[in-house]
Amino acid sequence: MEKESQENSTRPDASSTVFSSSKSTCASPSYLKEAGDLISRLPDDILQLILSYLPTRLAIKTSVLSRRWRHVWSDTWSLSFHRDRPDAPCINRILDRYRAPKMMSFRICSCCRGACISRPDTHADIDSWINFAMSRNVMNLSLYLDEDEYDIPEFLYINSSLKQLYLDFGCKKDFISLNPKCSVSWTSLKNLSLFHCNISDESIANILSGCPILESLLLFFCKKLKVLDLSKSPRLITLEITRRCRMEPTQLVAPHIRCLRLINSEKPCALVDVSSLSQAELDITAYAIVDNKLEADFHQTMVVKMLEKCQNVEKLTLGANFLKMLSLAELRGVSFPKLKAKALILETMISRYVIHGIVKVLQNSPDLKKLTIHPMGSAGSYPIPEEHIDIYLDSHGLNWDPSWSSEFKNTSRRNVESKQVASFLQLVLKTISTLELIVARLEGYIKGRRFVELRQMVPMLPRNNDVSIVLSSRRKRFRVT
């Protein structure tokens with residue numbers, strides 16, 4: 001009480017000034033007026049950096065603030081024209097007024113028919129914008145091209161300034177083909193992301209041969225690619241592939257890749273060589289279930305083979321659909337590989353549909369030190385429907401463990417109870433004794449009263465090892481043991 005009184009005596013009241021100096025104890029109107037324009041006094045480089053983080057249409061609006069601001073936007077390091085961008089003639093006028101000799105970033109989304117205020121973009125418009133960015137030695141280029149029958153201009157394939165390139169051709173029925181007819185030369189490119197396109201084995205080989213220092217490659221819904229051979233790209237260490245339905249690639253040869261994120265689909269992607277992997281994130285999608293039939297036998301074989309190829313990784317992330325299929329494989333007595341993972345992340349709701357797979361993975365991970373549980377949905381928001389899993393179990397005469405079946409029945413975020421999470425943590429502690437740290441990221445999964453209850457339950461859990469348990473909510477993080 002005395003301490004609180006002392007603190008209150010030193011605390012300023014409502015009339016106290018926030019700022020003080022040896023000359024004055026209050027802020028005069030003239031001082032406030034000067035302080036209000038402190039931003040305008042910043043050097044041009046700082047102002048341009050600030051504006052470069054805004055959409056260009058908003059950055060331009062600062063030109064009306066004062067004469068000081070009139071041309072600041074035109075020397076910014078970046079231009080961005082995304083979904084709410086102006087029409088093509090307006091963009092052309094903006095580019096005519098742009099004065100910076102070198103550009104850090106250029107981002108533009110093409111405007112197809114029906115989406116623009118006036119006329120849709122022509123292919124000539126898009127070519128001229130890309131050429132403009134090239135002329136300013138742009139380093140980061142992002143193109144969202146929702147166009148039909150558009151061919152990337154050949155001058156884009158020969159550039160020495162690009163470090164990051166993002167190409168998204170829109171989610172249309174007929175994908176645009178990325179087919180460079182010249183030899184690609186992106187000598188400075190480090191990060192390449194391709195979305196919704198057709199790309200052949202020959203085209204990707206041409207691109208990779210022209211990217212001697214490429215470090216990261218992302219392929220999202222890309223067709224036509226059969227074999228992705230990265231053996232001649234020794235500096236390429238990060239690969240992310242998201243496949244849809246029966247999309248390619250079907251084989252992956254990546255002996256130098258260290259970090260892999262693979263979201264598989266109905267058609268398997270054989271991991272021919274991923275011998276350098278140290279981190280892997282694996283899941284599968286369920287885009288098409290025909291006649292209410294889940295190809296569970298096929299999926300079980302696929303996930304176990306993927307796990308075998310990743311048995312030497314030190315950090316392993318498994319998604320919800322992946323764990324569902326591992327659970328079915330465990331019920332059928334399928335043999336699991338021994339894993340060398342030291343850190344394991346489980347991105348899944350806690351339910352009976354994943355428990356068998358989780359327990360088996362834990363049992364086969366003798367070196368595991370850290371476990372992170374992050375309750376969330378399945379890859380790409382395409383979860384395998386649980387009613388289809390129930391149908392599969394009935395047709396094969398399989399049953400969940402009765403104790404787990406009742407304990408972990410609920411899967412909805414709205415129905416989860418603190419007792420259910422505590423029971424899962426207790427199961428983990430009973431299954432594996434090498435753990436040093438368990439992190440439960442429960443943001444949006446359990447909160448309020450239930451989160452407080454969980455914090456009280458966890459210290460009481462029986463355990464045979466000295467393991468720390470950290471619970472995190474949306475804004476708070478608690479080490480409860």
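Let me open with a list. In helix 9, the buried residues are Ala320, Asn321, Phe322, Leu323, Lys324, Met325, Leu326, Ser327, Leu328 and Ala329. One caution: this is a predicted model.

So how much of helix 9 is buried? Ten of its twelve residues, which leaves the helix mostly covered. The helix runs over residues 320–331. From first C-alpha to last, helix 9 reaches 17 Å. At 1.5 Å a residue, 16 Å is expected, so the span is close to that.

What covers the buried residues of helix 9? Strands and helices both feature. The strands include strand 15 (279–284), strand 16 (315–319) and strand 17 (343–347). Among the helices are helix 8 (296–309), helix 10 (352–363) and helix 11 (386–396). One backbone detail here. Just after helix 9, glycine 333 has a positive phi, about 80°.

Now the aromatics. How many aromatic pairs are there? The count is eight. Take phenylalanine 81 and phenylalanine 106. Their ring centres sit 6.3 Å apart, and their planes meet at 65°. Why is this pair edge-to-face? Because that 65° is over the 60 degrees set for edge-to-face, and the centres are within 6.5 Å.

Where do the two residues lie? Phenylalanine 81 belongs to strand 1, residues 78–81, and phenylalanine 106 to strand 2, residues 105–109. The two parts are 25 residues apart in sequence, so the pair ties them together. Buried or exposed? Phenylalanine 81 and phenylalanine 106 are both buried.

A second pair: tyrosine 98 with phenylalanine 132. This one is edge-to-face, with 6.0 Å from centre to centre and 65° between the planes. Tyrosine 98 is in the loop between helix 5 (88–97) and strand 2. Phenylalanine 132 is in helix 6, residues 123–135.

Which residues form it? Tyr144, Tyr166, Phe195, Phe220 and Phe221, in one cluster.

Methods:
Residues are numbered from 1 along each chain as its sequence is written. This is a predicted model: local features need pLDDT of at least 70, side-chain atom pairs count only at pLDDT 80 or more; totals for chains, interfaces and linings use all residues. Side-chain values use heavy atoms; hydrogens and water are left out. Rings of Phe, Tyr and Trp (its six-membered ring) pair if their centres lie within 6.5 Å; planes under 30 degrees apart count as stacked, over 60 as edge-to-face and the rest as tilted. Helices (H or I, at least four residues) and strands (E, at least two) are DSSP runs, numbered from the N terminus. Buried means under 20% relative accessible area, exposed over 50%, partly exposed in between (1.4 Å probe, protein chains only). Contact means heavy atoms within 4.5 Å.
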